[in-house]
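Student: I've got a structure open and I'd like to talk it through with you. Can we take it piece by piece?

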Amino acid sequence: MTPNEDEAVIFDAVDQFLERDVRPYVRALEAADEYPAEIADKIAAMGLFGATISEDYGGLGLSAQTYSKIVEKVAAVWMSVSGLFNSHLIMCMAVERFGSDEMKTTYLPKFASGELRGGIALTEPDCGTDLQGVRTRAEMDCDVYVVNGTKMWCTNALNGNVLAVLAKTGQTQKSVRNKGMSLLLVEKEMGYKATKLKKLGYRGIDTAEVQFDDVRVPVANLIGPEEGKGLSQILAGLELGRINVAARGVGMARVCLEESLAYAQSRKTFGKPISEHQTIQIKLADMATKVEAARLLTEQAAAAYDRGERCDLEAGMAKLVATEAALDNATEAMRIHGAYGYSPEFNIERYYRDAPLLCIGEGTNELQRLIIAKQLVDRNPV
Ligand SMILES: Cc1cc2nc3c(=O)[nH]c(=O)nc-3n(C[C@H](O)[C@H](O)[C@H](O)COP(=O)(O)OP(=O)(O)OC[C@H]3O[C@@H](n4cnc5c(N)ncnc54)[C@H](O)[C@@H]3O)c2cc1C
């Protein structure tokens, strides 16, 4: 698809930012697992913390199609940078779709500017895929909820300052698994404690365990007019989340191909470039085909999202194919680069460490298959 004029301006700015402010620093920041604070500030200055927030609230109001192309570009340079604003924008989506007018006018402009930035706190020590098992509780006490529990693997919890937290509310909270879950907007200054977790890849950006001990949250910070809607609210937000993870997959699968294609033409064995050996050609052909399939499915899912259609099947397929493409292409890039793929002097070992996360986050790929199958049956009754 050829970008329109507005898109072309944004893509150009993103390309310049990536070449000038990100690429030269990736290796050092990644090796040190250091939070890219200056990069985060530049993302704020570019308005990307408000990429999908509507212009009424100070955002850029980008379509999912434009947004996903930006995510692809960013992930192709350093996937961690896309994490700075991706889960933040899922939180924003939940507020913009389901929050009260007061919540929207209070929070969305600050989210868009990056003054408040954060993400989503769903996963717990004992549940990730099965969110119905959430144990974090939010008990109403006059005009506040008192929140207690532990969340795991929360991106942006340490360096960010706000989270959308999935917690059990109301009478059903102790006995009934799948009822009574609500989303609360909790600011760090209300008192949660985040502890950084170590990771194989996706370094630089923080991922944390978050402890809530009697954290008092104003009742007005409940997302949505009533309790008990949190799971469906966050699942709606995860459609966009899955499209953006798919876009990350496209970016990573593409860069693995590009670097392998260049390397295969310069590395010689048995008197000729390895790109002239058929086994390497087959790898390159498979890698390129996966990139195209991943991109087309991602564009298709983003277009369905932009039309306002329910698109969990499309987003699930895009996420599944694009993230498996990233993982496969990272593995093949490692093989094509031989020992150099194993060295931190090349980017391949980073891609090899970063890619598996894509198959786990925003719903594992096993879960995506279950969603796709359920949708197939629902959409094709006999
Ligand atoms: C770096 C990183 C960042 C993250 N960021 C966030 C974040 O910001 N916020 C957040 O809330 N979470 C975050 N997560 C957590 C992530 O969303 C979960 O890890 C993911 O949902 C899977 O949950 P789990 O790890 O508990 O695995 P489990 O749910 O325990 O699953 C284990 C395995 O069983 C499979 N499985 C489970 N149920 C089924 C089933 N019914 N049928 C078939 N297979 C099944 C899974 O696919 C998986 O292979 C992050 C994780 C990582 C690693």
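**Proline 109 and beyond**

Student: Where does proline 109 sit?

Tutor: Bear in mind that this is a predicted model. Look along residues 101-113, a helical stretch that takes in proline 109. The element you want is helix α6.

Student: Is proline 109 buried or exposed, or something in between?

Tutor: Count the C-beta neighbours inside 10 Å and you get 17. A buried residue needs 20 or more, and an exposed one has 12 or fewer. Because its count is 17, proline 109 comes out as partly exposed.

Student: Which residues does proline 109 touch, leaving out those up to four places away in sequence?

Tutor: Glycine 50 is 59 residues away from proline 109 in sequence, with 8.2 Å between the two C-alpha atoms. As for contacts, with those sequence neighbours set aside, the partners of proline 109 are Tyr57 and Gly58.

Student: What's the angle between helix α4 and helix α8, and how far apart are their axes?

Tutor: Packed helices get described by just those two numbers, the angle and the distance between axes. Helix α4 covers residues 64-77 and helix α8 covers residues 278-306; they pack at about 145°, with the axes 8 Å apart.

Student: And which residues of α4 make that contact?

Tutor: On the α8 side you'll find Thr298, Glu299, Ala302, Ala303, Tyr305 and Asp306. Across the whole contact of α4 with α8, four residues are nonpolar, three polar and two charged. The α4 side consists of Ala64, Gln65 and Ser68.

Student: Zooming out, what radius of gyration does the chain have, and how does that fit a compact globule?

Tutor: The chain has eleven helices and nine strands, and its C-alpha atoms fill a box of roughly 80 × 55 × 45 Å along the principal axes. A compact globule with 382 residues would have a radius of gyration near 21 Å, so the chain agrees with that, at 21 Å.

Student: What share of the residues count as buried?

Tutor: Among contacts between residues at least 6 apart in sequence, 75% join residues at least 24 apart. Of the 382 residues, the buried share is 51%.

Notes. Residues numbered from 1 in each chain as written. Predicted model: local features only at pLDDT ≥ 70, side-chain atom pairs only at ≥ 80, totals over all residues. Axes fitted to C-alpha atoms, helices over the stretch in contact; angles between N-to-C directions. Helix = DSSP H or I, 4+ residues; strand = E, 2+ residues; numbered from the N terminus. Contact = placed C-beta atoms within 7 Å. Nonpolar A, V, L, I, M, F, W, Y, C, P; charged D, E, K, R; others polar. Rg over C-alpha atoms; globule rule 2.2 N^0.38 Å.
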